[in-house]
Amino acid sequence: DYLGRIDFQVKLRGFRIELGEIEAVLSSHASVREAVVTLREERLVAYVVTEEGQSLDALSLRSFLQQRLPDFMLPSAFVALETLPLNSSGKLDRKALPSPDEAVAATSEYVAPRNETEQRLASLWSELLQVEQVGIHDNFFTLGGHSLLATQAVTRIQSAFNVKLSLQDFFEAPTVADFALNILRLTAQGDLAELESMMNQLDQLEDAEVQKLLAAESPSADETDPQE
């Protein structure tokens, strides 16, 4: 059985990825002449040489791949090259590929945070990822995030919002908008649990004790406005 090349298999966020499979899909684009994909700093980076007279942006390339590959195989950045670097033997020199700092990030169109929760999350991601601007539909991992940064994010979010989260929660909702919904859901669950606990405690009290508590919470006659 023909298995194909297995020397460029990488592991990213728990997934085994064949870089050649991504390269083959990229190369099938009508405007792409050559494509190479590498793993750098816990993110996939695609290097693309377009056909003469053609130009492509990161969003269109990402959209093309998104229709053909699962999300975990999508590059987070794209670098346009005039030619791929070759070694003295005429083969691709992967070590000579430029830094992804020169790449165009494959992010969605910027949409500003709509509420305080989204604003706090966007600010946190901006600080962790060292990205100047984070929109609510931007993917944490697309912006260069990896599992270590995700762990830091979970820890800081738990402290900031007083909720319990797992790393899996983060992987399942990697955009600001989706994660903000998770925060609201978890906060609501916490409030409901606290209310149920208070009700259970009240059920265990005698009627006289309940009346005493209610009286303590009610304003005294001196504090009541006589005109009310």
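Author: Start with one term. A nonpolar core is a set of buried Ala, Val, Leu, Ile, Met, Phe, Trp, Tyr and Cys residues joined through side-chain atoms within 4.5 Å. Keep in mind that this is a predicted model.

Reader: Fine. How many residues are in the largest nonpolar core, and which have the most contacts inside it?
Author: The largest core holds 27 residues. F140, I157 and F170 have the most contacts within that core.

Reader: Which helices each supply at least two residues of this core?
Author: Helices α3, α4 (147-161) and α6 (176-203) each do.

Reader: What does F140 touch, beyond residues up to four places away in sequence?
Author: Quite a list. F140 touches W125, L129, G145, H146, L149, A150, A153, F170 and P174.

Reader: What does the second, separate core look like?
Author: That core has 21 residues. L19, V32, F64 and L69 are among them. As a general point, nonpolar side chains in soluble globular proteins tend to be buried together.

Reader: Back up a bit. How many helices and strands are there?
Author: The protein has 7 helices and 6 strands. Along the sequence the order is β-β-α-β-β-α-β-β-α-α-α-α-α.

Reader: And how much of the protein is buried?
Author: Of its 228 residues, 36% count as buried. The accessible surface is about 14,600 Å². Carbon and sulfur atoms account for 48% of that surface.

Reader: What share of the contacts joins residues at least 24 apart?
Author: The figure is 57%, taken among contacts between residues at least 6 apart in sequence.

Reader: Aromatics next. How many aromatic pairs are there?
Author: The count is 4. One of them joins W125 and F170. That pair is tilted, with 5.7 Å centre to centre and 50 degrees between the planes.

Reader: Where do W125 and F170 sit in the chain?
Author: W125 is in helix α3 (residues 116-129) and F170 is in helix α5 (residues 167-172). They are 45 residues apart, and the pair links distant parts of the chain.

Reader: Why do W125 and F170 count as buried?
Author: The cut-off is under 20% relative accessible area. W125 counts as buried because its relative accessibility is 0%. F170 counts as buried because its relative accessibility is also 0%.

Reader: What is the geometry of the pair formed by F170 and F179?
Author: Tilted, at 5.1 Å centre to centre and 55 degrees between the planes. Both F170 and F179 are buried.

Reader: Which residues do the ring pairs link into a cluster?
Author: The cluster is made up of W125, F140, F170 and F179.

Reader: Which charged side chains lie over rings?
Author: R68 lies over the face of F64, 3.8 Å from the ring centre. The charged end of R120 sits over the ring of F161, at 4.2 Å from its centre.

Reader: Is H29 buried or exposed?
Author: Buried. H29 has a relative accessible area of 15%. Leaving aside neighbours within four places in sequence, H29 is in contact with L56, L61 and F64.

Reader: Now α6. What joins the side chains of R185 and N182?
Author: A polar contact of 3.1 Å. R185 is in helix α6, and N182 is found in helix α6 too.

Reader: Is N182 buried or exposed?
Author: N182 counts as buried, at 16% relative accessibility. R185 is partly exposed, at 38%. Outside four places in sequence, N182 is in contact with D169 and A173.

Reader: How far apart are the C-alpha atoms of R185 and V163?
Author: They are separated by 10.0 Å, and the two residues are 22 apart along the chain.

Reader: Last one. Where is A177, and what is A177 in contact with?
Author: A177 is in helix α6. A177 is buried, with a relative accessible area of 9%. Neighbours within four places aside, its contacts are R114, E118, I136 and H137. A177 and R114 are 63 residues apart in sequence, and 9.1 Å apart C-alpha to C-alpha.

Key
Residues numbered from 1 in each chain as written. Predicted model: local features only at pLDDT ≥ 70, side-chain atom pairs only at ≥ 80, totals over all residues. Heavy atoms only, no water. Helix = DSSP H or I, 4+ residues; strand = E, 2+ residues; numbered from the N terminus. Buried < 20%, exposed > 50% of the residue type's maximum accessible area, 1.4 Å probe, protein only. Contact = heavy atoms within 4.5 Å. Areas by Shrake-Rupley, 256 points an atom, 1.4 Å probe, with all protein chains shown as cover. Phe/Tyr/Trp six-rings, centres within 6.5 Å; stacked < 30°, edge-to-face > 60°. Lys NZ or Arg CZ within 6 Å of the ring centre and 35° of its normal. Polar contact = N/O pair within 3.5 Å; in protein donor to acceptor, adjacent residues only side chain to side chain.
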